[in-house]
Amino acid sequence: MPSSTIVIIGAGITGLSCARTLANHGQASLILEKGRGVGGRVSTRRAQNGMTFDHGAQYITAKSEEFRSIVDEIRSTGAAAFWEDGSGAERIVGTPGMSALAKYLAAGLNVQTGKEVDRVYETSSGWVIGSGDNTFECQKLIITAPAAQTARLLGENHPLFKDLSEVIMTPCLTLMAAFGSDQPKPFITRRDPDDVLAWIALNSAKPDRLVDNCWIAQAGPEWSAQRLECDLEDTARAMSVLLCERLGADINSINHAVSHRWRYANVAKPLGSPFLRNEQDTLYLGGDWCLKGRVEAAWASGNAIAQKLLKTS
Ligand SMILES: Cc1cc2nc3c(=O)[nH]c(=O)nc-3n(C[C@H](O)[C@H](O)[C@H](O)COP(=O)(O)OP(=O)(O)OC[C@H]3O[C@@H](n4cnc5c(N)ncnc54)[C@H](O)[C@@H]3O)c2cc1C
């Protein structure tokens, strides 16, 4: 059974931030990620003919000096750039896709993808972690999945279950759609919390995107919750009609329309502190859900866990 001092579940921004801060101080860790790649909700979907869609986080902002310096570092390598979307706000995006941000953070880290952790249990010397036929052992375990998934993994008898259950996260149905280049592009981004399509963005207006007229539309939390279990093709059709109405585009000119279901997209009620831990200091739980549904908050949570581990080890 492979043994590490620190195992991190999840290679989203929280897990990557934690592992990177540890690595910067000479402390190794192993990240187990269920997906095929890193980034979690910071992700880019590739489609036919070079189309790309950032179907999770749209852009990042950097308010703290610490996060700003990481973002500046990523920009200096060409893996991120400013996005002038006409809003006047400073928005930074990964280039050529949002996933480039996560890939940059993951470079040099020990990440095993395709490893969905389905059980964890505590022993006298630490933790045993199971993923299908594989088991891993560690002294310190960090879980960075969304709060509800973390709660399920730990079970309802765990002392931290109640804190996790009080966090509220909301879903988001997202449409990735592409039109012929003759179709209208009336704006670059539009946010309207009162509309079913609460956010619409011309994804191809971001720097380094190769194919024109590719759009992202996100439904608001109520509409998303009502239709969460609907067939994704039906959702794509329904959202395409709504998007065409808002753009003034011809529905027959859509040449790509795929929807994605984010079950835990945003944070409606956060924990209110950067992480949770057990009394023995062997278990840490983090994620954007601790602070705010933002990439910067995820990064802050992971970084805070790492700083605490470095102090206690
Ligand atoms: C549609 C949408 C739009 C958004 N827009 C923005 C935006 O414009 N700006 C912004 O700042 N933020 C935005 N966000 C929020 C931002 O994406 C998140 O705050 C941030 O990415 C959360 O990072 P995280 O690491 O905490 O969680 P996640 O990204 O969810 O990472 C958790 C990781 O854990 C893995 N995992 C879960 N369970 C297991 C398991 N059992 N075993 C192994 N691995 C597991 C998951 O696969 C995932 O990779 C948006 C999110 C969505 C969904």
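Predicted model: local features only at pLDDT ≥ 70, side-chain atom pairs only at ≥ 80, totals over all residues.
Because Phe 187 lies in the loop between strand S11 (168-179) and strand S12 (189-191), while Trp 215 belongs to strand S14 (residues 214-219), the contact ties together parts that are 28 residues apart in sequence. Phe 187 and Trp 215 are both buried. Returning to Phe 275 and Tyr 284, their rings form an aromatic pair with 5.8 Å from centre to centre and 50 degrees between the planes, an arrangement that is tilted.

Aromatic residues also gather in a cluster, which is formed by Tyr 59, Trp 83 and Trp 199. One member of this cluster, Trp 83, has the charged end of Lys 206 sitting over its ring, 5.1 Å from the ring centre.

The last stop is helix H1, which covers residues 13-24; at 1.5 Å a residue its twelve residues should span 16 Å, and because its end C-alpha atoms are 16 Å apart, the model agrees with that expectation. H1 is mostly covered, with ten of its twelve residues buried, among them Ile 13, Leu 16, Cys 18, Arg 20 and Leu 22. After H1 comes Gly 26, which has a positive phi, near 80 degrees.

Notes:
Residues numbered from 1 in each chain as written. Heavy atoms only, no water. Helix = DSSP H or I, 4+ residues; strand = E, 2+ residues; numbered from the N terminus. Expected span 1.5 Å × (residues − 1). Buried < 20%, exposed > 50% of the residue type's maximum accessible area, 1.4 Å probe, protein only. Phe/Tyr/Trp six-rings, centres within 6.5 Å; stacked < 30°, edge-to-face > 60°. Lys NZ or Arg CZ within 6 Å of the ring centre and 35° of its normal.
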